[in-house]
Amino acid sequence: MDKKKILLLSDDLRMSSGVGTMSREIVMGTLHHYEWVQIGGAIKHPDEGKFIDMNDSVRKETGIEHAYLKIIPTSGYGSAELIRHLMATEKPDAILHYTDPRFWEFLYQIEHEVRQEIPIFYYNIWDDLPYPMWNRKYYDSVDALFNISKQTCNIVRQVRSSYEDWQVTYIPHGINEHDYFPLDESYEKHKEYSEFRNNVFGGNEYETVFFYNARNIRRKLTSDIMYAFRAFCDSIPKEEAKKCALLMHTQPRDENGTDLFEIATHLLNGHNVIFSHDRLEREQLNWLYNMSDAGVLISSNEGFGLMGAESLMVGNPIIINVSGGMQDYCGFMKEDGTYLTHEDYTLEWGSNHDGRYKDHGEWAFPVWPTSRSIQGSIPTPYISDDRPDWQDVAIQMKKIWSLDKSERKRIGLLGRQFVMDPNIGMTASEMNRRFMQDIDTALEKFKPSGRMDMYNMTTFENKMPDWNGLTITKEI
């Protein structure tokens, strides 16, 4: 088989960031079908200047005899000169970049030059409405956009000047079902797991554990999660509150967030907050999820939120803010009882953060934004900041606490069944099947650009939406 070669631009797939983690899933899951070269970005990359040949290690790990993977580490995300060099030496058949296009301005500055030879693909996420019309120049400058959330898929369709169906597709993040799964008595490393659990909990046993696994940054609302936990514990008998814990796998001090130690000391009223901040392998992360009873993710801006889907993959229910991509794994249903799809989002209705659809899967304990303010910056002028009330989070914590262990597990396993469904698409295997299908289609349909393009500016002006996805829900 003559494999196509893809040049991937993203966080180094050996790193533990969300982008790095998913880059690894995509590459490792498609090595049998594609050859890969990655410009692997990091803030201050320790391997900058090296050329990492991963062929021997990935062939040994996967058993794929002719697997091909090379990584060019870089501090930052690369340069136009590096793109040109790799096009000349590695001769990729396409470029795929993943994460905010502003990181790749150098690529967009030469996109017309690149697309005379090979296509550019974009694995795309956008957190929220209103429709980001200032992203149109990026959406128009790639050959296909593979979109991580239903909401993002609709955003691209409204913002891009024109498209064919194959150019705008839905590929949600897929969780590796072999890394994240429920543990039972037959688990072969039960002794190691028990020792790990005992170490994290300091020898204590808790009847209800809420789990947070993400960065300590402002938009994740970590302080609100902690304050909600206090309110929940204060609402139940003291002896019962002693049996509850909030487990947070994050850096307790982060300049992009706050000092969670101080919050725990002064605002938590002595309730049990446990921090896990060492870097862990996936096996140990799976242990943390299994030590917990429910996941909590209430970010005010969130493109997808890996921990929500990971919680469901291990069979835990989730408390989720209905915003961005997080709404995708709540299992929201239409009037006829079928799940919302990316086709249900429209110009006039672009997000379920307005609460149009309330019915959802039993595994989801949603909280709705009570404040939707418009935030922005010079490069990204506006975006809705969807903030829930921490008291609503406390109410959902109490609902989960009131369920017995068997009922929590029953509804959690329904969530696992949901994300495992190929039609939902949230397993790594299904994500990679969709990638191979959509990349192959895009490669087949790609037509190199000419040396010059002509544009009708009237067409561009008329494409501007009359309605930008915000819903007025109160009489003014």
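Contact here means heavy atoms within 4.5 Å. This is a predicted model, in which local features need pLDDT of at least 70, side-chain atom pairs count only at pLDDT 80 or more, and totals for chains, interfaces and linings use all residues. Residues are numbered from 1 along each chain as its sequence is written, and side-chain values use heavy atoms, with hydrogens and water left out.

Setting aside neighbours within four places in sequence, phenylalanine 229 is in contact with Phe210, Cys244, Ala245, Leu246, Leu268, His271, Asn272, Val273 and Met397. Phenylalanine 229 is buried, with a relative accessible area of 0%. Buried stands for under 20% relative accessible area, exposed for over 50%, and partly exposed for values in between (1.4 Å probe, protein chains only).

The largest nonpolar core has 149 residues, of which Trp36, Ile83, Tyr123, Phe210, Met226, Phe229 and Tyr329 touch the most other members. A nonpolar core is a set of buried Ala, Val, Leu, Ile, Met, Phe, Trp, Tyr and Cys residues joined through side-chain atoms within 4.5 Å.

## Aromatic pairs

The whole structure contains 29 aromatic pairs. Rings of Phe, Tyr and Trp (its six-membered ring) pair if their centres lie within 6.5 Å; planes under 30 degrees apart count as stacked, over 60 as edge-to-face and the rest as tilted. In the pair of phenylalanine 210 and phenylalanine 229, the ring centres are 6.5 Å apart and the planes stand at 70°, so the pair is edge-to-face. Phenylalanine 210 lies in strand E9 and phenylalanine 229 in helix H9 (residues 222–234), so this pair ties together parts that are 19 residues apart in sequence. Helices (H or I, at least four residues) and strands (E, at least two) are DSSP runs, numbered from the N terminus.

Phenylalanine 210 is buried, with a relative accessible area of 0%. The rings of phenylalanine 210 and phenylalanine 232 have centres 5.6 Å apart and planes at 85°, so this pair is edge-to-face. With phenylalanine 210 in strand E9 and phenylalanine 232 in helix H9, the pair ties together parts that are 22 residues apart in sequence. Phenylalanine 232 is buried, as is phenylalanine 210. Elsewhere, ring pairs link Tyr98, Phe121, Tyr123, Phe146 and Phe435 into a cluster.

## A charge over a ring

Lysine 358 lies over the face of tryptophan 368, at 5.2 Å from the ring centre. The criterion is that NZ of Lys or CZ of Arg is within 6 Å of the ring centre and within 35 degrees of the ring normal.

## Helix H13

Helix H13 (residues 306–313) is mostly covered, with eight of its eight residues buried. Among them are Glu310 and Ser311. The buried residues of H13 pack against helices H1 (18–30), H12 (282–290) and H15 (405–420), and against strands E9 (208–213), E12 (294–297) and E13 (318–321). Just after H13, glycine 315 takes a positive phi of about 90°.

## Cysteines

There are zero disulfides in the structure, a disulfide being a pair of cysteine sulfur atoms within 2.5 Å. The sulfur of cysteine 244 is 5.3 Å from the closest cysteine sulfur, that of cysteine 233, which is too far for a bond. Cysteine 244 counts as buried at 1% relative accessibility.

For cysteine 153, the closest cysteine sulfur belongs to cysteine 330 and is 19 Å away, again too far for a bond. Cysteine 153 is buried, with a relative accessible area of 0%.

## Loops and backbone

Most residues other than glycine have a negative phi, and most peptide bonds are trans. Threonine 99, in the loop between strand E5 (94–98) and helix H4 (105–109), has a positive phi near 115°. At 16% relative accessibility, threonine 99 counts as buried. Asparagine 269 also has a positive phi, of about 60°, and is found in the loop between helix H11 (260–267) and strand E11 (273–276). A cis peptide bond joins leucine 129 and proline 130, with omega about -5°; proline 130 lies in the loop between strand E6 (120–124) and helix H6 (136–139).

Serine 161 sits in the loop between helix H7 (150–159) and strand E8 (168–170) and counts as buried at 18% relative accessibility. Its side chain makes a polar contact with the side chain of aspartate 140 (2.6 Å). A polar contact is a pair of N or O atoms within 3.5 Å; within protein, one must be able to donate a hydrogen and the other to accept it, and residues adjacent in sequence count only if both atoms are side-chain atoms. Glycine 49, in the loop between strand E2 (34–42) and strand E3 (52–53), counts as exposed at 74% relative accessibility.
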